[in-house]
Structures are given as C-alpha cells and as structure tokens.
Amino acid sequence: MPELKLKSILQKCGVVGAGGAGFPSYGKLTDGADLLVINCIECEPLMYTDYELVREKLPEIVQGAQLVMEHTNIKRAVVAIKAYRAMTLGLADSQELAPGICVKTVPNIYPMGDEINLIYQVTGRLIKPGNLPISQGVIVYNAETVYNIRNAVHENMPVITKWLTIGGDIPEAYTVKVPVGMRISDVLKAINVTVPKNYVMFDGGPSMGIIKNPASDVVVKTTKALIIVPDNIPAVVQKQRTVEQNLRLAASTCCSCTRCTDLCPRHLLGYPLEPHKLIRAGLYPAQETPELIRTASLCCSCDICGTFSCCQGISPMMVIKEYKKILAEKGMKYVAAPGQEFTPAENRDSCMLVSQKWKEVLGVAKFDKHPTYIPKDLTADKVEIRMRQHIGVPSVPCVAVGDKVTVGDMIATAGPGLSVPQYASITGSITFVDENRIIIEA
Ligand code: SF4
Ligand code: SF4
C-alpha cells in the first residue's frame, strides 16, 4: 500500500493526534523520515491512559507502527516510555518488539512528553526552533494515535471512541473507553464520580490541561483525562489568575532573577525563549520588539516558569499565552534562520524537573493513585460530536435533523484544506445540527 493510500485511509477515518492538539495524522506522513517515535510518555501527573493502552494493546500499537513504517519506508521505530512504567509493564530498554521496533526508556522528567524534548532525549537530534520533527527525519505519534491508525487500516474503523483516565481527588481512579462526544456529566455518572463544590475538572493533566465545565462539555478526540481536584491547589490557583493580575504582580515583585528562563525546558535545549524578557515586555511595551515576541511561539506551555520557578508566584506562561494568541492571529512565529545553530545547555540534565517534585509543587501528589481499568466500554444515549476536534479546517455536517444514523456512519465531511470527517459514535437520530456540532440521540 503506497504512502498516499495510507494517507487517504487516515484522513477518511478521521485519525488525529490523540495526545495533544489533534493534528490530522495523515498530515505527518511525508517523505524524508528515518525514525518513528511512539510517544507513550504521558508526563503530566495522574495520567495513566497511554500506560493502560500499552498494557492492554501493545501488539496492536506495534501493528500500527509497522503500517506507518511500511508505507513511509521508515526502518526504525521506538516505543518511548518512562523507565519506571516500562519496568511495571515487564518491558526493558532496547527490547525488540518486532523487527526494527524497540522500547526506549526515558527518565521520569517533566515535560518529557513534549515532542521536542522527547526527540532530543531519545535520539540526540535537536529540532531547530520553529521547525517540525520531520526536519530531523522524525515522525512522532502518540500511542493511541498509532492504535487508531491500526484500527483504521485493519478494521476500516473510524475514530469513534476515546481512552480516558478519570482521576484526581476521587475515591478511586479509572481508565476507560467511551464514545467520542459523550457528555462528561454522563461519563462521571456512569462511574459514580461527582465534582464537589469548590472543585474543578481538568480536561487533560493538571499542568497543561484546561479547566472545563463537566455539566456542559463533551469528550473530544483529544480528551486524554478528566482530573478532578480542589480549586485551592497551586495547579488551579495559577491558572485562574488573569494576565492583568500576573502583570500587576510582576510590576511589584519581579526581581529579574531569570530563574524562569534558567529552568525553562525549551531554553535548556538552546531555544531563544526567555520568559523573564517576555514578562518585562508585557510590563514595558517599549521592550516589545517583534523578534522578542516571536520567541513566544517556542513555548510548550509546561508552566515550569510559573508554578515551579518563580518564587513570587508570577506565571510568565500566562503572559506568553497572550503573545501566542496575537502571533497566531497574525500568522507569525519564530523560525530559525538558515544555518543558525542551537546548542543545548551543558547543565540541561541537572536542571530538568523531576516529575515527583512537579506533582508536589502542583499540589496533586496526594491524589495520585493507580487507576482501575474498566474493560467494558461505557455507552451513551446521547452524544454531541464537535466539528473542531482537530487542528486545521473544521469538519462540515452532511446530515440533517431527523436523519437516522448507525454507529460508524459519516455525519460530517472533511473541510477544505487540512481536515478530517466525523462519524456517529452511537446509533440513533440526529436531533441538532449547526456548523459547530451534531447531536445524536439513541
Ligand atoms: S522567576 Fe519570577 S521574579 Fe524571577 S525573573 Fe522570572 S518572573 Fe521575575
Ligand atoms: S511555559 Fe514557561 S517554562 Fe514552559 S516552555 Fe513556556 S516559557 Fe518555558
């Protein structure tokens, strides 16, 4: 099967990055790669989704990797996983899983799941600022994405289910598979979990996740975890402070110590990202040069600069996020000049943040518990399929209110450009359609 055919299957089946921003997977299949990295790192605290997938579906993940390798002519793949998790799964560093595919263990460091850090850790190759992994011959897919690639090719199965961790300050944590579009309130009800008063729920981990409303939000293809925590822990307090509040705090307390820059994992890779300068630019617009603002696009939003580094409680990341929004609106980003060289800091290894420390700083260490795996998929009697579950152009509904659909039917086509279709995740009738969502009721 040539590469083009795999691309068209992945697009047709709506496969997008399951572990991050939802980049359509077919868009990563280009010539010039010699290494496939399967990202099973899950560096956010309290997350066990990829761990469970590797435990339950490693042969299928390996099959997905083989498909990508065959169709892109890549000879080598690594399943990148934290060393302590590999050990509990009975896997060892360098263990061969299939010809050309082996395990690669990495230390328990945050944010090791960031693909730029991961590629450097696993291969020693540094992706130049603003470039894509393919520039160094690497394609990175999350473990669940590769599993979905396998299902798309071998089973002709579109992406209609999602693996999740449900954890945090709840009596028992779970990993479970649910229909895409299931209301979060229904997910929590099905496993008898509530979000008490003065608690919040993260869609994702407690450092990079987004606080969502469990009463109105739904599971999308990029939902990796639902983490329920008290609203007074550092992980939440930092996120709820506005940019203006951060800048006011910085105006009176920032001592330009540069600790936020010294410990920034992208800065430690040699990237020209200096959060202390971006904070200063936010305070003193005269320092806001276009060159400096462009460096904000290099931030991976790990929040080490705020919650861990800054002794004054300032979050440079929140200010950087504002700059990133402006850059995105203007279609601008930092791109390394041809021939420009970047060198990781000599002290990078000793400055990286140990995950256990990160958990403690966020205030979530006491909530970390190994989840119970629920082998039977949860079912839903109503789902809301969003048209924007991926980076790129939104999907376009192709059904009308009153239409009957069966699980797996296409309900939205791919939009023009980088896009994928959407599929019914339950059997039922269409009860609502607009440009943003489609509701199906059983
Ligand atoms: S760590 Fe805090 S106080 Fe130090 S430069 Fe950064 S923002 Fe300012
Ligand atoms: S959030 Fe802060 S520490 Fe993390 S990459 Fe961005 S600037 Fe660096």
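Biologist: What distance separates the centres of domain 1 and domain 3?

Modeller: 27 Å, taken over C-alpha atoms. The domain bounds come from an automatic or database domain assignment. Keep in mind that this is a predicted model: local features need pLDDT of at least 70, side-chain atom pairs count only at pLDDT 80 or more, and totals for chains, interfaces and linings use all residues. Residues are numbered from 1 along each chain as its sequence is written, while chains are lettered from A and ligands numbered from 1 in the order in which they are written.

Biologist: How many residues does the contact take from domain 1 and from domain 3?

Modeller: 15 residues from domain 1 and 23 residues from domain 3. Contact means C-beta atoms, placed from the backbone, within 7 Å.

Biologist: Which helix gives the most on the domain 1 side?

Modeller: Helix 4, with 3 residues. Helices here are DSSP runs (H or I, at least four residues), strands likewise (E, at least two), numbered from the N terminus.

Biologist: OK, new topic. Which residues are closest to ligand 2?

Modeller: Cys264, Cys299, Cys302, Cys305 and Met317, out of 15 residues that surround ligand 2. Near means a C-beta atom, placed from the backbone, within 6 Å. Helix 14 gives the most to that shell, with 3 residues.

Biologist: And Val220, why is it called partly exposed?

Modeller: Because Val220 has 18 C-beta neighbours inside 10 Å. Buried takes 20 or more other C-beta atoms within 10 Å, exposed 12 or fewer, and partly exposed is in between, with C-beta atoms placed from the backbone.

Biologist: Where does Val220 lie?

Modeller: In the loop between strand 10 (210-212) and strand 11 (225-230).

Notes. Two residues are in contact if their C-beta atoms, placed from the backbone, lie within 7 Å.
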